[in-house]
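Dear colleague,

Please find below the structure that I am handing over to you, together with its sequence. My notes on what was found in it follow directly after.

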Amino acid sequence: GTLKPKMSAFGSSQFGAGPSSANARPGEHVLEQFMSEVKEIEVRDSVLTSKQQIDRLLRPGATYFNLNPFEVLQVDIDASPADVKKRYRQLSILIHPDKNPDDHDRAEAAFDAVNKAYKMLDNEDAKRRCMDVVEEAKAHVENRIKEKRKQLKKEGKSSTVEEDDPAKYKHALWVMMCKLFADRERKRRETEQREAELRKRAADEEAEEVEGDRTEGGRVKKTCSRRGGRGSGESQEAEGVGKTVGGQKGRTSGQLEELATNHQAQVGKVLREEG
């Protein structure tokens, strides 16, 4: 029988050798015609000019589409590392800013997109995350097909769905992959934003705490200063009182001395008179 087409993320298909036209089953000529059309598209895309490739990479919605590295490099999801590298070199040379001096800025933007896509597929961890997206997209599409068949069966209709057409299946997979890549990027940005907000909040709280400590420290210092002033005044006042009391004591002692002297003088006088 005919080998299933090997789907490309950007619209190409690669078919294995099928039976001859003489032995072909009904409907296989349609598949062969589709294969021929796809080959023409592959040839056309492979010879896109520098300007056409730059336009493709910077077309409306490019920010969304270019999150899919398979789409950017126009390689099959099962492409080998060697094939990915070969395609990257072809594109990078074609759209390099130095090769497009009349369109330098746009060429640089397109070149950056190609570089980013290649790094995603060249890095083992990043490539694994990309393949996770591919598998998730396949699961979504397959579940959607199952639901459609189930509904058709319930309605007593033919279980044939549009995704039975390889081109339609490829398109459904491509759309889902782009959506999932975009969802992951959105979540990544939201996570970064939340983390940035948390860091800012923590920094603000720390700054408020430090400012509070400084304010409290100033209040304590000022209070101590006031208390120290009052203590000094009280000491001076006590010292003055002490001096006053001491003076009073000094004067009282002198008076007693004087009284004692006078008393002794009077006693002596009386004794002399009696003697």
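Phenylalanine 65 and tryptophan 174 are both buried. Please bear in mind that this is a predicted model, and that the values in this message are computed from it.

Aromatic residues

The two residues form a stacked aromatic pair, with 5.4 Å from centre to centre and 20° between the planes of phenylalanine 65 and tryptophan 174. This pair connects distant parts of the chain: phenylalanine 65 belongs to helix 3 (residues 62-65) and tryptophan 174 to helix 8 (residues 166-274), 109 residues apart.

In total, a search of the whole structure returns 3 aromatic pairs. Another of them joins tyrosine 64 and phenylalanine 65; the ring centres are 5.4 Å apart and the planes stand at 70°, so this pair is edge-to-face. An angle over 60 degrees is what places a pair in that class, whereas stacked pairs have planes under 30 degrees apart. Tyr64, Phe65 and Trp174 together make up one aromatic cluster.

Tyrosine 64, at 36% relative accessibility, counts as partly exposed.

Helix 5

Helix 5 (residues 81-95) has 15 residues, which at 1.5 Å a residue should span 21 Å; its end C-alpha atoms lie 21 Å apart, in agreement with that expectation. Which residues of helix 5 are buried? They are Val84, Arg87, Tyr88, Leu91, Ser92 and Ile95. These residues cover an arc of only 130° around the axis and therefore lie on the same side of helix 5. In general, an α-helix has 3.6 residues a turn, so residues three or four places apart point the same way. Ala82, Lys86 and Ile93 are exposed on the other side of helix 5.

The chain as a whole

The chain contains 8 helices and 2 strands, and along the sequence their order is β-β-α-α-α-α-α-α-α-α. Of its 275 residues, 27% are buried. The chain exposes about 19,200 Å², of which carbon and sulfur atoms supply 52%. Among contacts in the chain with a separation of 6 or more, 63% are between residues 24 or more positions apart.

With kind regards

Definitions and conventions. Residues are numbered from 1 along each chain as its sequence is written. This is a predicted model: local features need pLDDT of at least 70, side-chain atom pairs count only at pLDDT 80 or more; totals for chains, interfaces and linings use all residues. Side-chain values use heavy atoms; hydrogens and water are left out. Rings of Phe, Tyr and Trp (its six-membered ring) pair if their centres lie within 6.5 Å; planes under 30 degrees apart count as stacked, over 60 as edge-to-face and the rest as tilted. Buried means under 20% relative accessible area, exposed over 50%, partly exposed in between (1.4 Å probe, protein chains only). Helices (H or I, at least four residues) and strands (E, at least two) are DSSP runs, numbered from the N terminus. Contact means heavy atoms within 4.5 Å. Accessible areas come from the Shrake-Rupley method with a 1.4 Å probe; for residues, only the protein chains shown count as cover. The expected span of a helix is 1.5 Å times one less than its number of residues. The arc is that of the directions from the helix axis to the C-beta atoms.
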